[in-house]
Amino acid sequence: MNELQFLTWVRGPGLDIAVGIFLLGVLWRLFEIYSLGRKKDLSAPRHASGASGVHTVFRRSLPPPGMLKRSPVSYIGGYIFHIGLAIVVFGFAPHILLVTNLTGLSWPGLPSQFVDLAAVVTMAAMVVVLVDRINKPVKRFLSTFEDWFTWTVTFLPVLTGWMAVQHLLLPYTTMLALHILSVELLLVVLPFTKLFHAFTLFGSRWYNGRVNGHKGVPV
Amino acid sequence: MSATLEKGIRVLKEVIDAPIASYFNSCVHCGLCAEACLFYTETGDPKYTPIHKLEPLRRVYEQEYTLLGRLKKMVGLSKAVTDGELDQWQELVYNSCTLCGRCSAVCPVGNDIVYMVRKFREGMSASGHAPEGIKGAVNRTVTVGSPMNVKLPAVQAQMKHVEEDYGIPIPLDAEGAEYMVMLSSMEIMNFPEYLGAVAKIMHQAGKTWTLCSTAFEATNAGIQIGNSDLAKVIVSRIVEGAEKLKVKTVISPECGHAYTALRWEGANLIGRPFTFEVKHIIEVLGEFQEQGLLKTEGFETDKLTFHDPCQLARRGGVIKQQRNLMNQVAKNFVEMPDAGYMNWCCGGGGGASAIEEGEELRLEAFKKKRAQLDAVKPDRLVTACANCRIVLEEGLEHYQMDIPVMGLTELIAEHIPESAPQAAAKPEGA
């Protein structure tokens, strides 16, 4: 297989397989989790303004009082790489073009120099949180193979994408093919690893907020 | 696999629901919950990270309720939960967790970790891995009626004392009273001033109230150990008493877990909504204050601070009332750092104070409270939970800090004039 055939495969059958596993995986996992249901709360509710599941879904995006100081790397590093990923994934013009071709949806892209910068900052933030995971006793203690693995499969698409655009190391075609392959790997593992928090965090925050909303505690 | 372990695993399978599944799938191992837990912040030992305390429950979830987990189990790639492991986890699930809920308040993905610890305890208890101290408290509550072996005659003796001291009758089994007042054994044995304070306050407010001879004990060690069957037996006594006496409201005493057990878990334990309301004494005092039924005179002038019981504030939503009440009788009321919703636990909630072998760790964790107190240097410390009070007193004594602790209800009552005008004190229809 030469590099052009490789690119053709990852753009064609490879992408189809990955997107297929991703979509079915997400649906299956969501069903597997939320079909377990829960019991109705029979205690009398106490209403308070600002206390509900929806409130918590939004409010948990901000650090609670005192926490930023206790773990600045987690919060600041976390914000930067999540926002950075969003900019790179949804703001880069060629990505939007791909989505337009697949679904017909379209939105304006961001200047490529800005996306470039965002990619570099994202990678830097990811390296910082990785070092923090190695250095901080609690994080190291909690970490399993999955934590290192999911970091890698999240980092690779950013790195290969950036290298492809910068024409670094390998010919553009090969690097682009590797980039797409790394995204496919990410799509395949996302539903079955902790990366699935991208979906379940909304449910989790809502459940937590719902229980507290029932008690009239705005969290 | 032993029969008790089998039972424990079966119970764990039963308690796993969609929220727990969602929580385990959302955890990204960020470790922020550790920063919220006083057992980690004061020891620096990563094993006290709240989410880690749930590892056996997580594995049962993965092995039983996920496709990949079941596959891994089939081909022998996953490690089954063992008796030895649960034994090791006892310290993490009981001694070093007071169900204070700070972890649930900070988790960025929204995991209600303490909800899971509460459920995990059901399996720990069923598999025989609960600490002896709490087991004893539960047994005494179920058989005698009180975790401290307090029986009705002891309550009656105290009623008599209070009647003599205050000249106010203490109604027992008065049908149709508006309020049924509950006590905790700790108050009956160690803090008799609580009952006198309630009598004085009710007398001034002109409210009808009663104690109940078949249900005076409000604490529920069944909740703390994690045995819903026993918790149900204990709570049913209160429900029967309240329904027999046809009271409108049952008042939970100054005890955090009694409040949670009755207010939030009670109806779910008996499987139907209550026919009466449940309020913490501080909520009732707050209402009296708003309605102008709480007339006090004079002020405390020394520096006072307030320790929020976790189950009342963070887990119970009662946060403003205690502050308004403090300000009614204190000129120099100061707040500790993190006071209110994010207050730090005394270190003895959730049954932890009943665990003898956990004492050393508890005192270590108390350094957090010491730091909070050092920041404001109060003359006295006020709280609204008899268990917090005992644990605080022990900790203060250990660290040689001369700060007396008192209950808020008692503090308020001290400012009610003796000759308070009395409205109708008889039960309706009596």
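1. Chain A, element order. From the N terminus on, chain A runs α-α-α-α-α-α-α-α-α-α. The count is ten helices and zero strands. This is a predicted model, and the remarks here should be read with that in mind. Along the principal axes, the C-alpha atoms of chain A fill a box of roughly 65 × 35 × 35 Å.

2. Chain A, burial and contacts. Chain A has 219 residues, and 30% of them count as buried. Take the contacts in chain A between residues at least 6 apart in sequence: 75% of these join residues at least 24 apart.

3. A:Tyr172. This residue is found in helix α9 (residues 172-189) of chain A. Leaving aside residues up to four places away in sequence, A:Tyr172 touches A:Ala164 and A:His167. A:Val219 is 47 residues from A:Tyr172 along the chain, and their C-alpha atoms are separated by 49 Å.

4. The contact between the chains. Chain A puts 45 residues into the contact and chain B puts in 47. On the chain A side, α1 (3-34), α3 (67-70), α7 (137-142) and α10 (197-215) each supply at least two residues. Which helix gives the most to the side of chain A that touches chain B? The answer is α10(A), with ten residues. By type, the residues of this side divide into 20 nonpolar, 13 polar and twelve charged.

5. Helix α2 of chain B. Why is α2(B) described as largely enclosed by the rest of the structure? Eight of the nine residues of this helix (residues 18-26) are buried, hence the description. The buried residues are B:Pro19, B:Ile20, B:Ala21, B:Ser22, B:Tyr23, B:Phe24, B:Asn25 and B:Ser26. Their cover comes from both chains: it includes α1 and α10 of chain A, together with α5 (55-65) and α9 (113-126) of chain B. Both of those chain A helices also supply residues to the side of chain A that touches chain B.

6. The nonpolar cores. The largest nonpolar core has 148 residues. Those with the most contacts inside it are B:Cys33, B:Met180 and B:Met182. Helix α13 (residues 193-205) of chain B contributes the largest share of this core, eight residues. A second, separate core has 16 residues, among them A:Ala18, A:Leu176, A:Val183 and A:Val189. In soluble globular proteins, nonpolar side chains tend to be buried together.

7. The four-stranded sheet of chain B. The order is β2-β1-β3-β4, the sheet is open, and the pairing is parallel. At the edges are β2 (209-210) and β4 (277-280), each of which pairs on one side only. Strand β1 (residues 179-181) and β2(B) pair over two bridges in the parallel sense. B:Met180 has B:Thr210 in β2(B) as its bridge partner. Helix α16 (residues 256-270) of chain B lies across β3 (249-252) and β4, at about 145° to β3(B).

8. Around B:Met180. Which residues does B:Met180 touch, not counting those up to four places away in sequence? They are B:Thr210, B:Cys212, B:Gly241, B:Ala242, B:Leu245, B:Val247, B:Val250 and B:Ile251.

9. Domains of chain B. The domain assignment gives domain 1 (3-130), domain 2 (145-290) and domain 3 (304-414). Taken over C-alpha atoms, the centres of domain 2 and domain 3 of chain B are separated by 22 Å. Across this boundary, 28 residues of domain 2 are in contact with 27 residues of domain 3. On the domain 2 side, α12 (185-189), α13, α14 (221-225), α16 and α17 (281-290) of chain B each supply at least two residues. The largest share, seven residues, comes from α13(B). This side divides into 13 nonpolar, nine polar and six charged residues.

10. Strand β5 of chain B. B:Leu304 and B:Phe306 point one way from β5 (residues 304-307), while B:Thr305 and B:His307 point the other way. All are buried. β5(B) pairs with strand β6 (residues 333-334) of chain B in the parallel sense, over two bridges. The bridge partner of B:Thr305 in β6(B) is B:Val334.

Technical notes. Residues numbered from 1 in each chain as written. Chains lettered and ligands numbered in written order. Predicted model: local features only at pLDDT ≥ 70, side-chain atom pairs only at ≥ 80, totals over all residues. Core = buried A, V, L, I, M, F, W, Y, C linked by C-beta atoms within 7 Å. Buried ≥ 20, exposed ≤ 12 C-beta atoms within 10 Å, placed from the backbone. Contact = placed C-beta atoms within 7 Å. Pairing = 2+ DSSP bridges. Axes fitted to C-alpha atoms, helices over the stretch in contact; angles between N-to-C directions. Domains from an automatic or database assignment. Nonpolar A, V, L, I, M, F, W, Y, C, P; charged D, E, K, R; others polar.
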